[in-house]
Amino acid sequence: MTTRRDRDGDIARVKQFAQHWNELYASAQFEKMKELATEDVGIANAPESKSGTGLIYGRQAYYDGIVGAYRGASGTEKNLLVMHYEEWEYVPLGDENSFYTIGKYTLQPDTVGVNCWLLRREVAHAPWRVFRVINT
């Protein structure tokens, strides 16, 4: 049984994960960001998906999406994407190794949206990894 203290500790670790994500993005360390996702990460992007799930799968797709947001339509922009994780909702899912987040993000120059991550880890206290991503 997960206690309130365990849950609070998990939320703190998820916030550290999101902060680290922001720092890597701001410093354009996209290869390191790729490692923050599971190998079978699924990204909600129905128009681009060839899967019946409406998801695009894989770390390379995750990387491509992050780099694409950074480079923008021109391919030469340096758009800052920031997850506003301090204001997010954090929902543990059943076991201690799955966590759902939902909250605001901003993407320069003028995009504000909602980001959802389903995070997973192998065992308690293992690093969190992004398993599913939904951006609106």
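The charged end of Lys34 sits over the ring of Tyr63, at 5.3 Å from the ring centre. A charge counts as sitting over a ring if NZ of Lys or CZ of Arg is within 6 Å of the ring centre and within 35 degrees of the ring normal. Arg120 likewise lies over the face of Phe131, 3.9 Å from the ring centre.

The model is predicted: local features need pLDDT of at least 70, side-chain atom pairs count only at pLDDT 80 or more, and totals for chains, interfaces and linings use all residues. Residues are numbered from 1 along each chain as its sequence is written, and side-chain values use heavy atoms, with hydrogens and water left out.

Rings also meet other rings. The whole structure holds 9 aromatic pairs; rings of Phe, Tyr and Trp (its six-membered ring) pair if their centres lie within 6.5 Å, and planes under 30 degrees apart count as stacked, over 60 as edge-to-face and the rest as tilted. Phe17 and Trp117 are edge-to-face because their planes stand at 80°, with the ring centres 5.5 Å apart. Phe17 belongs to helix 1 (residues 4–26) and Trp117 to strand 6 (residues 111–120), so this pair ties together parts that are 100 residues apart in sequence. Helices (H or I, at least four residues) and strands (E, at least two) are DSSP runs, numbered from the N terminus.

Phe30 and Tyr70 make another edge-to-face pair, 5.0 Å from centre to centre with 65° between the planes. This pair links distant parts of the chain, since Phe30 is in helix 2 (residues 30–34) and Tyr70 in helix 3 (residues 59–71), 40 residues apart. Phe30 has a relative accessible area of 8% and is buried; Tyr70, at 14%, also counts as buried. Ring pairs join Phe17, Trp21, Tyr25, Phe30, Tyr70, Trp88, Tyr90 and Trp117 into a cluster.

Next come the strands, where two strands pair if DSSP finds at least two bridges between them. Strand 5 (residues 98–107) runs antiparallel to strand 3 (residues 81–83), joined by 3 bridges, and Met83 stands opposite Tyr105 there. Strand 5 also pairs with strand 4 (residues 89–92) in the antiparallel sense over 4 bridges, with Val91 and Tyr100 as bridge partners. The hairpin of strand 4 and strand 5 has 5 residues between the strands, and Gly94 in this hairpin takes a positive phi near 60°. With strand 6, strand 5 forms 10 bridges in the antiparallel sense; Ile102 stands opposite Cys116 in strand 6. Strands 5 and 6 form a hairpin with 3 residues between them. The loop between these two strands holds Pro109, and a cis peptide bond with omega of about 5° joins Gln108 and Pro109.

Strand 1 pairs with strand 7 in the parallel sense over 3 bridges, and Ile43 has Val133 as its bridge partner in strand 7. Strand 1 also pairs with strand 2 (residues 55–57), in the antiparallel sense and over 3 bridges; Ala44 has Leu55 as its partner.

Rolling a probe the size of a water molecule over the atoms shows where empty space is left. The largest pocket contains about 420 Å³ of space. On a 1 Å grid over the protein atoms alone, a pocket is an open set of points where a 1.4 Å probe fits, with protein on both sides within 12 Å along at least five of seven lines, and lining residues have an atom within 4 Å of a point. The volume is the space filled by probe spheres set on the points, which are joined across faces, edges and corners. Of its 20 lining residues, Ile43, Gly65, Ile66, Val133 and Asn135 are the closest to the pocket centre. Helix 3 gives the largest share of the lining, 6 residues.

Definitions and conventions
Buried means under 20% relative accessible area, exposed over 50%, partly exposed in between (1.4 Å probe, protein chains only).
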